[in-house]
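Reader: I would like to go through a few assignments one by one, with the criterion set beside each value. Could you take me through them?

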Amino acid sequence: MALSRGLRCCQKVFSWIPVLIITSVVLWSYYAYVFQLCLFTLTNTFEKVAYLLVFHVCFVMFSWTYWKSIFTPPASPCKKFQLSYSDKERYEMEERPDAQKQILVEIAKKLPIFTRAQSGAIRFCDRCQVLKPDRCHHCSVCETCVLKMDHHCPWVNNCVGFSNYKFFLLFLSYSMLYCIFIAATVFQYFLKFWVGDLPNGPAKFHVLFLMFVALMFFVSLMFLFGYHCWLVAKNRSTLEAFSAPVFVGGPDRNGFNVGVRRNLQQVFGEDRRLWLIPVFTSQGNGHYFPLKNVSESQNPLLANEEMWEESDDCSDEGSLGESLNICI
């Protein structure tokens, strides 16, 4: 027991190494750009002020979105999806697998659950003892079930899911903007140092290396960001892209695809003025999602949420803070 606890502590410590690497590179880039390039190399005052102003806007937005991606806790299923004491006792006392499946089916009738396991059974997490809402998966690293789980990202040391997927996308976009701005403004001085038009000094190493690092990160981020843009347009998570969600009628990769505009609104919200700001604006509370083949008017559970939301356990107040406080 003590050994396993020690291993878990070591794992938690080592899991922060990728974040520390990214943070170190960003802090170095700040020093290299602000001090070595702008303050020690540039001679034109207007150019210096313009570069510093735009750079700090990019830096603040990058840092803000990265912070939100790291420290926004993954949202977990609320109490409505947990087995009651009597249901849990009945489930554990039953030894026949078919009977256990039937117990879960009876419980799930009261909940907006449309996806199934590969076997066709109701998805149930033995470790968290909850019926899994649609698009919910158990993360072995975070040791919890995560609503609309996309993947566990080591670079943010957090699960990317319903609570922070918008922040993760903005982190990727502002990271690209940060890198391309640095590369575009450093390029002319990179050439001058390269051909010897500027004197050798500490700034030369920083400017040359800054150019290579910015381009390298931009290329890798471009592919990742493009992939997630495709996922958002199709309304799929990374897990769903590799393994199609299973419905009563069988697997369907486009089961949650309700059109590009509505797919975007599910992640970013309806107010476009807030799309580029890292505040939570995603629609819903992560426990149910509109289906391509089932409209809300056809689905009594979604048309009349009071049927399963008699208490405020899973209420959608339109803000992440309230949703997390209620549902975690």
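Predicted model: local features only at pLDDT ≥ 70, side-chain atom pairs only at ≥ 80, totals over all residues.

Reader: What makes E270 and Q283 count as being in contact with Q265?

Author: Contact means heavy atoms within 4.5 Å, and, leaving aside neighbours within four places in sequence, Q265 is in contact with E270 and Q283. Residues are numbered from 1 along each chain as its sequence is written, and side-chain values use heavy atoms, with hydrogens and water left out.

Reader: Why is Q265 called buried?

Author: Buried means under 20% relative accessible area, exposed over 50% and partly exposed in between, with a 1.4 Å probe and protein chains only; Q265 has 15% relative accessibility and therefore counts as buried.

Reader: How do you know that the span of α7 is close to the expected one?

Author: The expected span is 1.5 Å times one less than the number of residues, and for the 33 residues of α7 (202-234) this gives 48 Å, close to the 48 Å from the first C-alpha to the last. After α7 comes N235, with a positive phi near 55°.

Reader: What classes make up the lining of the largest pocket?

Author: Ala, Val, Leu, Ile, Met, Phe, Trp, Tyr, Cys and Pro count as nonpolar, Asp, Glu, Lys and Arg as charged, and the others, Gly among them, as polar; by that scheme the lining has 20 nonpolar, four polar and no charged residues.

Terms used
Helix = DSSP H or I, 4+ residues; strand = E, 2+ residues; numbered from the N terminus.
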